[in-house]
Amino acid sequence: MNPAKFKYKIDMVQVLESISEASFFLNSDWEIEFINKAAEPFLVENNKDLIGMSIWEALPKYKDTPTHEKLLQIYENQKPATFEMIGLYNKNWLEVKVFPNSTGLFVMFSDITDRKKSEKQKQHYEKLKVIGEMAAGVAHEVRNPMTSVKGFLQLMAQNESLIDHKSIFNLMIDEVNRVNDIITEFLDIAKDKPEKLEYSNLNTLIEIIYPLLDSRALKEGKSVILKLGSISNINVDKNEIRQLLLNLVNNSLDAMDYGKSVYIITTEENGKVLLSIQDEGCGIPPELMDDIATPFITTKDEGTGLGVPICFSIANRNNAKIDYNSSSAGTTFNIRFSQ
């Protein structure tokens, strides 16, 4: 080999290794000529085996996919490009930067999964805020006439000449109360700050509300089981955290059959207090998995679809994040509180 060309290759390797982003170079035959250590975890073979191998042999899942087509187009057009994609092996979001020249393609990519999650959460909270602000704007206009309607219904229910219709009036009053409750829940979503923050122990809050949750579970032949670990105090609004617990545990009880259990678990993980609500229910339908925090999305015949969105808003106001997973064996909600 020409000494100058050999030195060029050595210099290229050193440059690639100094780049923090995962990087590799493909020649015009789509063979991997260089690859840095940062790229190795994203690829399915050992680094030494990959040199000289076709990229489509190294990563066969990408052959004849939109990613394959993009790389071909970038090489043909000889114009740099950046795009985002979901990795076919680790299912993470990747940002890919491609720089073509006449001899091949220089590819750099990085894992942007956390960024995408953060962007999605931000968009979600902004959507909730807009919905809540709309509700706040019309709440007064709706509640005033509803209060008048409720008052007249109560008077009519007490009228002896209309006694045969009392059950109908009471039903209508219940429906008016339901409308008011929905407006109140909407206003809860609109809040951007908690009412009162104070350092509290999550275990204590759980133990106070436990008898209420356990009573409902026992009536239905189910159980609520506590697994409370040693945790630090957190700065939260106690009333809002109680509301979050009630919403999530009641949802779990609704989703479970006789004899099943819901577990309330607390631990401390990576400097964060972790609250987990784990049930043995039927799970969230796959088609709703990405939408459960959206208002009015519900699997219940009589549900409003506001309980879970309120929990997300409460978590956001109390410096916490919610993630969840679900299958036919049950659902787990994890609430991670930053101290």
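Does R115 count as buried, partly exposed or exposed? I found R115 partly exposed, at 37% relative accessibility, where buried means under 20% relative accessible area, exposed over 50% and partly exposed in between, with a 1.4 Å probe and protein chains only.

I noted that this is a predicted model, in which local features need pLDDT of at least 70 and side-chain atom pairs count only at pLDDT 80 or more, while totals for chains, interfaces and linings use all residues. Residues are numbered from 1 along each chain as its sequence is written, and side-chain values use heavy atoms, with hydrogens and water left out.

I then looked up salt bridges (a side-chain nitrogen of Lys or Arg within 4 Å of a carboxyl oxygen of Asp or Glu), and the count came to 12. E84 forms one with R115, the closest N and O atoms being 2.9 Å apart; E84 lies in strand β3 and R115 in helix α5, 31 residues apart, helices (H or I, at least four residues) and strands (E, at least two) being DSSP runs numbered from the N terminus. E95 also meets R115, at 3.9 Å from N to O, and because E95 lies in strand β4, this pair ties together parts 20 residues apart in sequence. E95 counts as buried, at 17% relative accessibility.
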